[in-house]
Each structure stands twice: as structure tokens, then as C-alpha cells.
Amino acid sequence: MSTIKCDVLIVGAGVFGMSTAYYIKKENHALNVVVIDKEAGAGRGTTSKSAAAYRIYFTSTINRKLAASSVNFYEHLQHEKKIDLGLHQTGYLWLLNEEKYKRLAHAISLMKKENLPLEIWDRETTQKNVPNLVTDFTHDEDRELLNLVPVDYSILTKRAGWLDPHSLVSFYEQEFKKMGGKVYYGKKVKKVLLEAEPSIGLPKEPHIWQKAKISGVETTDGTRFDANTLILATGPWTNFLLDPLGIDSHTKPKKRQLFQLKSQKFSIFKAPPAFSPNPLPFTILPYSGVYFRYNPNEETVWIGAADNIGRPFNDPEKSIDDPQPEMDFYEYGIYYVLSKYFPIFENIRVDTAWAGYYTYNTIDKNPYVFRADGLNLIICTGGSGSGIMKADSIGRITAALYYEQKEAKLFGDVPFNVDDLSVKNRRVEHEEMVI
Ligand SMILES: Cc1cc2nc3c(=O)[nH]c(=O)nc-3n(C[C@H](O)[C@H](O)[C@H](O)COP(=O)(O)OP(=O)(O)OC[C@H]3O[C@@H](n4cnc5c(N)ncnc54)[C@H](O)[C@@H]3O)c2cc1C
């Protein structure tokens, strides 16, 4: 068995792992930091499956902080450093019925107090500004069957849009490598190695009276990576590595899918007067969790849905390595609702589709960055469907935890109490705006 030794081993070259690697190395160029991933390149897990939308609007103060600072950094890279992240600031448009609007009223007033640029439109204004939208289903015979709630309000949030996740993860990877960081692809971790410190060579160490430490990992091709600190940034695969150690990631994987439709008809979304020169924002329907994103360069629409009830956390019969999209989920689920709110989608077939996994924090839907009790093991996870837009902050916080700093400095010198994302001393509010 060949052995590679390092100071810090990060498993997972997704956007969390690569930004963590970058910030750890940036602080100390002499440190031997290694990233490994089972795929053939960076970001090929969940990161590449993402809709990659971003916003700075969340009901949780912590989520707002994580996203605002990360988005500021991405904008800084795009506009000042001229590093193309494919940033399209198109905005987010949340279509809401009265009941949902009332539920969000408190968070909306808080966000207004923080001077976040957001506009509230009533039904008439929404109807006037959003091409092809149906807002009232009073006379629709399918209203009750399909739960077609009216669009009473919409919230337009302008500091939002989408980016290219591959460009983002590649930025961190290239900068990490420039500083001397090493990345190995095609290395699938089979096992995290838990050993006794010191070992006295008894079978089944560590025993309950022994001090335990992580010595590294073993990969399926027989390589051993020895590290002083192990960081798991393995997204939805984290439980497969932690469960055998009896350590809880506090997250669960849930499949999420995206369906791409292509049609010249979508040009009506290109530059509607209310948004011109921008296209229609990333749009979220009021009840079913269906959302879509229009790309004017390709005349494509990406459609997803936040299906929760009835969607298993993980099908234990199948490997989670290769989640497949389900066409009938679009045809019998999304299509019926979407084509009611936007009739332009009628009779347009799905062009391509793909699936990935949300790494769900099922309790509060904020990320986790924590050290496993008494071990040289750090876990950063729980993107909960919004990890791209928080990844820069997560990298900085995980690096600060590694360096045993109480406070991380987010972009713009924003202080962040590292413990706020821990398990033991967690200080977060429940997130309502999850899609
Ligand atoms: C359909 C969909 C839509 C989404 N839309 C958005 C969105 O609009 N905006 C947003 O901000 N977020 C969105 N997300 C969420 C976002 O993609 C994630 O939060 C983010 O990519 C998480 O990154 P990560 O680094 O934690 O995980 P990943 O990108 O999954 O990285 C984990 C890495 O670990 C590697 N790995 C795992 N196990 C092992 C092992 N045993 N050995 C070696 N390597 C291993 C994997 O190969 C992978 O590369 C979406 C997700 C999905 C699925």
C-alpha cells in the first residue's frame, strides 16, 4: 500500500472543500494541504448538479450573513478582479399567496431594516410585469385538485441571480494549486482510519480507555493518506464515512432534480420591460415549490422543485453515487402546476435532465462546521440547497476552525463567531426560505 503524508487532508473537491483548502493554504503556505476526490475533477459531485442561483435573502440572520459576504466576494472577483464566474444578476422573484406572504412578513421587515434592496408587488403589478403569468384561478376547474393558490404578492429581490459553479470551484482550485496545494482525483475514500494514540498493538483498538485519533483515510485503490487533521467536505456522502465511526453529520441526503427545456418561445422572458435589460428573474411559484431559471444565451429554462413529503432521504437499496432524474416527476408533477401558472410551458418537452442530492440539515437548514468531539476531525456540510451561495464564507469559517480561531473574518472583514455553526454551541435561526 502506498502512503501519502500531509498536514491537512480534505476529502471532497466540491465548492465547500475547495474553498476550505484555499483559505487554509492562504494562511500558511508552508502547510502541506492535500485535497482528494473520487471524481475525475473538481466540483463533479453536487456542485455541478446545482442550479447555482444566489441571493442574500434568508429568514435566518446567519444564512443572510454567510450568503451576503460570499456574494460580495463573488461580485468582487467578477467585477474588480475580472475573473469570470458567469455571474448573472437577474434577481429572484418569489410569487406568494396571502398566507405565505404573512408568514414571511417578519423576515421581510427585518430585511428591510437591513436596507436589503427588495420590492413588494401586489397582484396587479405582478401580473403586469411578469410575462405569461396567471395569478388568479377562481374559475379554473382544476383549482382544488392542483392546489392552485392565487398570486397575491411577489417579492423581487435584486441582489440575486446565478453563476457558473464550475468557474467558482475552479477559481479556488487554481489558486490553491498556485500556492503549492496538491489535489488527487479518482481517489475514493473507503474508510476513515481511527486509531489509538498511542497504539500498543492490541486487536480492535482504540479501546474505551484509550485516546483515539484519526490517522488518515484509506482509498479503494489501496492508497493510504496520513494526515494530522482530516476535514470532510463530502456533501451528501458524509454519512457513509461518519456512520461507521459513530459520528453524526446531522444531515441527510435528499434527491433533487433539474429539467432543462429549450424553446424559442421562451424569448418572451428575455428582457421584459420591468426587468430590462435583464431577463425574467429566477422565479418561484407560490405553493408547489416549483422554480425556474431562464438563460437568455441558450433560450433554455431550468426547472426544479422542492419536493419534500414522499421523497425519501435516501433509497438504501441504491447507491447514492449516481442519482437519476425521473421524467415522470416532471410530467406528472411539475408540468401540471407550471403550465397553469405559465401556460407557455404547455406541450414543451424536456430536453435534458439531471439529479443530485441536497445535503439537508433537517433541523434548522443552516450549514454545519464543527469538530468531532475530541478528535482531529472537522466536518463542513449541510449546504441544504444553498451551498454555492455560501461557499466562500464556509471556506473561511472552516479554515478559522482549523486554526483554532474563535472568530473568522468573512469577505469585507465581517467578523463571524465560528461556534455559531457548531453542533454544541450553535446559534442559528430556523430557515424558512428553502427551495
Ligand atoms: C438540483 C440541485 C440544485 C441546487 N441549486 C442550488 C442553487 O440554486 N444555489 C445554491 O447555492 N445551491 C444549490 N444547490 C446546492 C449546492 O449545489 C450544494 O450546497 C453545494 O454544491 C455543496 O457543495 P459541497 O462541496 O458541500 O458538496 P459536493 O459538491 O457534493 O462535494 C462533495 C465532494 O466529495 C466527494 N466525495 C464524496 N465522498 C467521497 C469519498 N468517499 N471519497 C472521495 N471523495 C468523495 C464528491 O465526489 C464531491 O466532489 C443545489 C443542489 C442540487 C442537487
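Guide: A residue is near a molecule or strand when its C-beta atom, placed from the backbone, lies within 6 Å of it. Of the 42 residues around the ligand, Gly14, Gly45, Gly235, Gly383 and Gly387 come nearest. The model is a predicted one, in which local features need pLDDT of at least 70 and side-chain atom pairs count only at pLDDT 80 or more, whereas totals for chains, interfaces and linings use all residues. Residues are numbered from 1 along each chain as its sequence is written.

Visitor: Which elements give two or more residues to the shell around the ligand?

Guide: They are H1, strand E2 (33-37), strand E3 (53-55), strand E12 (252-262) and strand E16 (350-360). E16 supplies the largest share, four residues. Helices (H or I, at least four residues) and strands (E, at least two) are DSSP runs, numbered from the N terminus.

Visitor: What classes make up the shell around the ligand?

Guide: The shell holds 18 nonpolar, 17 polar and seven charged residues. Ala, Val, Leu, Ile, Met, Phe, Trp, Tyr, Cys and Pro count as nonpolar, Asp, Glu, Lys and Arg as charged, and the others, Gly among them, as polar.

Visitor: From which domains does the shell around the ligand draw at least three residues each?

Guide: Domain 1 (3-51 + 166-251 + 364-421) and domain 2 (92-157 + 255-356) each give at least three residues to the shell. Such bounds come from an automatic or database domain assignment. The C-alpha centres of domain 1 and domain 2 lie 34 Å apart. Their contact takes seven residues from domain 1 and nine residues from domain 2.

Visitor: Why is H1 called roughly parallel to H5?

Guide: Helix H1 (residues 15-27) and helix H5 (residues 165-178) pack at an angle of about 30°, with their axes 8 Å apart. Angles under 35 degrees count as roughly parallel, over 145 as roughly antiparallel, 65 to 115 as roughly perpendicular and the rest as oblique; H1 is therefore roughly parallel to H5. The axes are lines fitted to C-alpha atoms, for helices over the stretch in contact, and the angles run from 0 to 180 degrees between N-to-C directions.

Visitor: What is the handedness of the crossing in which H1 passes H5?

Guide: H1 passes H5 in a left-handed crossing. A crossing is left-handed if the near helix is turned anticlockwise from the far one by less than a right angle, and right-handed if clockwise.

Key. Two residues are in contact if their C-beta atoms, placed from the backbone, lie within 7 Å.
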